[in-house]
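Here are my notes on the model you sent over.

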Amino acid sequence: MHRFFIPPEWVKGERVSLTGEPAHQIVHVLRLKPKDHIILLDNSGWEYEVEIDQIGPGLIQGKVIGKCLSATEPRVKVTLCQALLRTEKFEFILQKGVELGVSAFVPFVSERCVVRRPGENKLARWQKIIQEAAEQSGRALLPALHPVIAFREACDSVHGASLLLWEEEKSLSLSRILKESAFQASLSFNVFVGPEGGFPPSEVAYAESRGIVPVSLGQRILRAETAGLAVIVAFLYERGELG
């Protein structure tokens with residue numbers, strides 16, 4: 001069934017009213033009819049199965065025929081702290097990060113970033129990409145998109161087990177750190193990924209001063225849009241959240 005995030009006030013007891021973009025999608029894109037079923041999500045973790053019973057100009061009404069708590073959200077909260085990248089790369093990260101189970105995105109500006117801070121239109125587009133990916137992948141909660149901040153602010157903002165991916169780290173590997181007790185027990189996990197030019201040693205030193213651990217991903221150097229996603233897959237697999 002097709003899934004749509006909606007404001008919680010659109011659900012009133014056993015009745016639901018939809019307007020705006022969801023109504024347009026249902027009527028003009030999906031061409032659903034009365035008696036068709038959809039899943040509605042109010043971003044609280046609940047899923048509502050709804051049977052459409054009325055379709056009017058700009059308004060769809062339906063009846064809630066089932067309600068359950070979703071089981072699709074990872075138990076561990078993963079935050080991806082990602083340096084700003086060129087538009088298509090950053091949007092790819094948002095989409096695939098949502099599909100994998102990222103709970104929050106923290107975009108940041110670091111020393112080697114070559115991309116300007118996004119305007120309001122781009123931020124709105126990013127939010128739409130997150131919502132569409134969440135609907136498509138069966139998520140029940142919308143991952144948070146935090147405001148763009150400076151790298152040091154991002155380091156100061158995180159709590160829990162935190163890694164920084166650094167191609168110049170030679171001694172500590174991802175496979176080793178993920179088996180340590182602090183990472184095995186933590187209910188939150190933060191991954192820092194730099195821009196195309198990577199992190200300079202001064203930023204790595206600051207991250208270490210905040211308890212963020214630099215790690216190596218091995219002999220091959222991954223692109224900025226690949227590295228964070230690879231680590232998230234490895235972490236969630238290690239914690240039993242994939243496969």
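1. Start with accessibility: buried means under 20% relative accessible area, exposed over 50%, and partly exposed in between, using a 1.4 Å probe and protein chains only. By that rule K35, at 62% relative accessibility, counts as exposed. K35 lies in the loop between α1 and β4, and its phi is near 90°, a positive value in a residue other than glycine. Helices (H or I, at least four residues) and strands (E, at least two) are DSSP runs numbered from the N terminus.

2. Some housekeeping. This is a predicted model, where local features need pLDDT of at least 70 and side-chain atom pairs count only at pLDDT 80 or more, while totals for chains, interfaces and linings use all residues. Residues are numbered from 1 along each chain as its sequence is written, and side-chain values use heavy atoms, with hydrogens and water left out.

3. Now the sheet. It is open, has six strands in the order β1-β4-β5-β6-β3-β2, and its pairing is mixed. β1 and β2 (11-12) stand at the edges with a single partner strand each, so one side of each has no neighbour in the sheet. Two strands are called paired if DSSP finds at least two bridges between them. In general, strands of a sheet pair through backbone hydrogen bonds, either parallel or antiparallel.

4. Walk along the sheet from β1. β1 and β4 (residues 37-41) pair in the parallel sense over three bridges, with R3 opposite I39 in β4. Next, β4 and β5 pair in the antiparallel sense over five bridges, and V50 in β5 is the bridge partner of I38. β5 and β6 (residues 59-69) are antiparallel too, over ten bridges; here W46 has L69 in β6 as its bridge partner.

5. Have a look at the two hairpins. The one of β4 and β5 has four residues between the strands, and N43 there takes a positive phi near 65°. N43 sits in the loop between β4 and β5 (46-56) and is partly exposed, with a relative accessible area of 36%. The hairpin of β5 and β6 has two residues between the strands, and G58 in its turn has a positive phi of about 70°.

6. The charged end of K67 sits over the ring of W46, 4.4 Å from its centre. To count, NZ of Lys or CZ of Arg must be within 6 Å of the ring centre and within 35 degrees of the ring normal.

7. How many aromatic pairs does a search of the whole structure find? There are eight. Rings of Phe, Tyr and Trp (its six-membered ring) pair if their centres lie within 6.5 Å; planes under 30 degrees apart count as stacked, over 60 as edge-to-face and the rest as tilted. One of the pairs is F108 and F151, which is tilted, at 5.4 Å centre to centre and 55° between the planes. That pair links distant parts of the chain, with F108 in strand β8 (residues 104-109) and F151 in helix α4 (residues 151-157), 43 residues apart. Both F108 and F151 are buried.

8. F151 also pairs with F192: the ring centres are 6.2 Å apart and the planes are at 85°, so this pair is edge-to-face. F192 belongs to strand β12 (residues 188-193), 41 residues from F151, and F192 is buried, as is F151. F108, F151, F192 and F199 form one aromatic cluster.

9. On to the pockets. The grid has a 1 Å spacing over the protein atoms alone: a cavity is a set of points where a 1.4 Å probe fits but cannot get out, and a pocket is an open set with protein on both sides within 12 Å along at least five of seven lines; lining residues have an atom within 4 Å of a point. Points are joined across faces, edges and corners, and a volume is the space filled by probe spheres set on the points. The largest pocket has a volume of about 490 Å³. Its lining has 28 residues, of which W166, E167, R220, I221 and L222 lie nearest the centre. Helix α8 (residues 224-238) gives the most to this lining, with three residues.

10. The second largest pocket holds about 240 Å³ of space. Among its lining residues are H2, R3, F4 and K128. The largest share of that lining, four residues, comes from α3.
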